[in-house]
Amino acid sequence: MPNACQKEYGPGWAAAIRLPRIRIPCSYYTMHAAQTKTILCLAPIITVALAAWLEAGPERVSIDAVARSYGYPRPHVSDTSLTLRSNYSRLEFTHGNRRMLVNGIVVMMNDAFIYESDKASVARIDLETVINPVLRPQDVDAPRASRLVVIDPGHGGADGGMSGNGLQEKGLVLDISRRVSDRLIGSGLPVRLTRYGDHSISLGERVRRAKRWQAAIFVSIHINAADNRNAAGFETYVVPAKGFYSTSSKKLDLRSYPGNRFDAENTALAYQVHRSVLSNAPGADRGIKRARYVVIRDAPCPAILIECGFASNPTEARRLVRSDHRARIANGIAKGIVRYYEVAGKEQP
Ligand SMILES: [Zn+2]
């Protein structure tokens, strides 16, 4: 029987996909017999990896290689989607789309899934910094020794943030942030808020504080609003990989930002928090999305920005005004953060 962790993450390994990047050193010709034996043992893996690399090209990875790596049986293909399913997890891709479902959670990739002429592939960057961190969070770097969680309540002071149905963002997000902090401290994690009162604070200063305090992770908390009153649900943002579009922008930005050092950790953190919020509070899953918001783009550590519902939606506004609903959201965020600390960089038993 698989234990709980194996059940969740599966037995897969991504080595086959990474190995082509290994450079054989000059000392290859002087290696000892034991090393030769190791290389020979790795030969089948290298062969599979090389075949996958040749099949899809250097920037893309074939779905067959992904399936082999994580122990999925043959994919199920329909007119519009391709599904990889095992006893442990389920990935569902939509043809020509960046939208992916991971165990039912919406995750936006950097690049589209492509299915053409019977060949299906994802971008290598999405395998390495989106799919693998979600399926195998033990492969990402563990939080730094400070363990400090910096919670960033959006807006404040003269900047009230979004408003709608009599609600204003700055007060709601401070309340949720305080609740998250209480729960994390109760779990033994050190926490600091970028603001504890109704103060104006620049985006740059929020980042500088996280840096000065040596934050291990940074979580910015916001409430959404939209002209469309039907828009509703939770969104969690991470920075797009270098050179890729934001989820809802056509503006190409080729620069690399400080937050890109943590592409894999960002997604691992977003996944744990986003799915925890969805299972603790009522609300639609609008997905893990990508945007170069300053606080996550320039963060000195893994960072996410979560939008906890729409003040402009009458149903969500009625919920947000209730403290028990805000407590549920905070509970979900805190549980997701604790889970991230439990799994990031730690080999599962
Ligand atoms: Zn906001």
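Modeller: Let's start with helices H8 and H11, whose crossing is right-handed. That word has a rule: a crossing is left-handed if the near helix is turned anticlockwise from the far one by less than a right angle, and right-handed if clockwise. The names come from DSSP runs, numbered from the N terminus: helices are H or I runs of at least four residues, and strands are E runs of at least two. Please keep in mind that this is a predicted model, in which local features need pLDDT of at least 70 and side-chain atom pairs count only at pLDDT 80 or more, while totals for chains, interfaces and linings use all residues. Residues are numbered from 1 along each chain as its sequence is written.

Two packed helices are described by the angle between their axes and the distance between the axes. For H8 (residues 263-280) and H11 (residues 323-343), the angle is about 145 degrees and the axes are 7 Å apart. Here axes are lines fitted to C-alpha atoms, for helices over the stretch in contact, and angles run from 0 to 180 degrees between N-to-C directions.

Which residues make the contact between H8 and H11? Among them are Ala 268, Leu 269 and Val 273 of H8, together with Ile 329, Gly 332 and Tyr 340 of H11. Contact means that the C-beta atoms of two residues, placed from the backbone, lie within 7 Å. Sorted by class, the contact has eight nonpolar, seven polar and three charged residues. In this sorting Ala, Val, Leu, Ile, Met, Phe, Trp, Tyr, Cys and Pro are nonpolar, Asp, Glu, Lys and Arg are charged, and the others, Gly among them, are polar.

Strand S14 (residues 234-238) and S15 run parallel and are joined by five bridges; two strands pair if DSSP finds at least two bridges between them. To find your place on screen, look for Tyr 237, which stands opposite Lys 289 in S15.

Is S15 enclosed or open? Five of the six residues of strand S15 (residues 285-290) are buried, so the strand is largely enclosed by the rest of the structure. A residue is buried if 20 or more other C-beta atoms lie within 10 Å of its own, exposed if 12 or fewer, and partly exposed in between, with C-beta atoms placed from the backbone.

Now look at another sheet: an open one of three strands, in the order S1-S8-S7 with antiparallel pairing. S1 (60-62) and S7 (114-116) stand at its edges, each with a single partner strand, so one side of each has no neighbour in the sheet. On average, neighbouring strands are turned by 30 degrees against each other, direction ignored. Three bridges join S1 to S8 (residues 119-123), and Ser 62 stands opposite Ser 121 in S8. Helix H4 (residues 63-70) packs on this sheet, touching S1 and S8, and its direction makes about 70 degrees with that of S1.

Finally, step back to the protein chain, which has eleven helices and 16 strands. Buried residues make up 46% of its 349 residues.
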